[in-house]
Amino acid sequence: MNKLFNELTNSLSKEFKNYNLNESVQLSMSKLPEYDMQINNLVKYNKSDFFEELRKNIIKIINSSNLFKVVEENNIGFLNLELNHEFLKNKITNTKDNIKRKENEKIIFDYGGPNIGKPLHVGHMRTLNIGRSLYNIHSFIGNEVISDIHLGDWGMPIAQIITYLEKKSIDLAKIDSNQLEIIYPKASEEYKQNNEFKIRAQEINKKLNNNDKDLLTIWKSIKDISIKSLKENFKLFNHSFDEWLGESDVNDLIPEMINDLINNKKIINDSGALISAQDTEPKILITKSDGSYLYITTDLATILYRQNNFSYDKAFYIVDNRQSLHFKQLFDSINFFGLSTLYHEHISYGTLNDSDGNPFKTRDGGTKPLSELFEETYIYIKNINVSLKESTIQQLTNSVLTFSDLITNRKTDYKFDLEKFTNVNGKTGIYVQYAQVRAKKLLQTLNQNKSQPCELILSEVDKKLLSKLYMFGYFLEQAFSLNEPHHLANYLYDISNLFNQFYESEKISEITDLDHLSSKIFLINLFLTTSHNVMHCLGIAPVEQM
């Protein structure tokens, strides 16, 4: 929330404390069309002896803030509030400095999680979009942020690839990422069906864990090929990461961690496997009977690595909701093992499906690469907008793939409908891009500076737009506090829709009164600042033309 509103709610909360009431006063959206916001904290006390006095004091504090027009009293205690546009015009800019919080935290965002040797597929899209958006949102409000891709770059899948290369006498120096991506599923299938291959892969995996120099050289080459391909893909989707750490980076920490847990009787032997001594159902498996590690083993060691190297306050894992049990076991183990007292949270999300509600597949039934979905979307947009530059079409493609994802509550599944999500009149990335391009063109036509009007001259349509623009901080707070970008995505659509109504309600280029025109320009500039900052928080780059 904007600093002004936070100061008000803090003052109101203190007033409740004067009556020994522990109320955290919240501003919420009004359910009445003639009002903007409401405060409901008083209602529960309307039968109390002190109600009238408290209500009077609360209203006095609100009125003295000048944030809202004069508040009317009522006997129930609902306080309906109408924003004071004239007072707020010099106070709310919706810039980063206008929003930034005082209490900053250092947060690690663990998302992406591709495996080397495998292509990015459509299942990666939501972790990338949600992860980037939360990273941008937290950065915008002033938190220190670190993104870590958390590569799957170790273990049996790598051993399978090396075994396959060995069996087929394939020269690693002569293959690229596309060939590596073909090898990966073949190696996996061979492991399942060929016992001799399986035994050799297990042997190679053991040697890798013992830091065999020749195998480490091969592993490094495979990793380099994969990372180069991943970075090229991420550039296409406008994604980047601060850290490219993988499972391999914490391997050296695991033996000592395991020994400490055994010595402290936190894990016990169970037929050769090591399980947590914590009384849980199901039991938490830490290593397999053959000594090999699991995801939880690596994730526990990653906690130690991050504590030693990043000194963070919180870690958010943006991983789909099918991994909920894994993260419950991980967080239970962190506490039981005494590895950390820091805050860790699983930011879960639903699955992305095709327009029929089925998992995305290629024509031959395989997992659909993310680059293929990008290409299909790109071609579809290009066929509709043949005059646009390729770079613009690429930005619009990313807008569609990002906005359609983020406008959906992350906790639910959603269907990707290309025709629906590229509609210029729908709740789409194309629509919000069109609104901001329209605003920029209008400013160029008016050829005016950003000087503020002496007095706002507003129509009813103007007031609706301005009220919504003043509430950017409210929706940002929702997205930040709940780690749910859809609040901002819906807000972006709402202000875009209101701007288009504003644009069409009056011939702005024909206005001659300077104060009236200045009011319009003030609104256009505030809309552009707000929409561009919301786009940034969502991970969408504004285009220059449509």
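Does Asn20 count as buried, partly exposed or exposed, and at what relative accessibility? At 74% relative accessibility, Asn20 counts as exposed, where exposed means over 50% relative accessible area, buried under 20% and partly exposed in between (1.4 Å probe, protein chains only).

Before going further, a word on the basis: this is a predicted model, in which local features need pLDDT of at least 70 and side-chain atom pairs count only at pLDDT 80 or more, while totals for chains, interfaces and linings use all residues. Residues are numbered from 1 along each chain as its sequence is written, and side-chain values use heavy atoms, with hydrogens and water left out.

**Backbone details**

Asn20 sits in the loop between helix 1 (3-17) and strand 1 (28-29); helices (H or I, at least four residues) and strands (E, at least two) are DSSP runs, numbered from the N terminus.

Another backbone feature is the peptide bond from Glu281 to Pro282, which is cis, with omega near 5°. Pro282 belongs to the loop between strand 7 (273-276) and strand 8 (285-287).

**A β-α-β unit**

Strand 4 (residues 106-110) and strand 5 run parallel and are joined by 5 bridges; two strands pair if DSSP finds at least two bridges between them. Asp110 has Asp148 in strand 5 as its bridge partner. Together with helix 5 (residues 125-140), strands 4 and 5 make a right-handed β-α-β unit. Right-handed means that, with the strands pointing away from the viewer, the path from the first strand over the helix to the second runs clockwise. Strand 5 (residues 144-148) is mostly covered, with 4 of its 5 residues buried.

**Pocket and cavities**

On a 1 Å grid over the protein atoms alone, a cavity is a set of points where a 1.4 Å probe fits but cannot get out, and a pocket is an open set with protein on both sides within 12 Å along at least five of seven lines; lining residues have an atom within 4 Å of a point. Grid points are joined across faces, edges and corners, and a volume is the space filled by probe spheres set on the points.

The second largest pocket has a volume of about 650 Å³. It is lined by 25 residues, and Trp154, Gly155, Met156, Pro157 and Tyr293 are the closest to its centre. Helix 6 (156-167) supplies the largest share of this lining, 4 residues. By class, the lining of this pocket has 9 nonpolar, 11 polar and 5 charged residues. Here Ala, Val, Leu, Ile, Met, Phe, Trp, Tyr, Cys and Pro count as nonpolar, Asp, Glu, Lys and Arg as charged, and the others, Gly among them, as polar.

The structure also holds 4 cavities of 30 Å³ or more, and the largest cavity has about 80 Å³ of space. Its lining includes Asn115, Lys118, Ser177, Glu181 and Asn233. Helix 9 (213-236) gives the most to that lining, with 4 residues.

**A buried serine**

Ser248 lies in the loop between helix 9 and helix 10 (254-263). Ser248 is buried, with a relative accessible area of 16%. Not counting residues up to four places away in sequence, Ser248 touches Asp153, Trp154, Trp219 and Lys223, a contact being heavy atoms within 4.5 Å.
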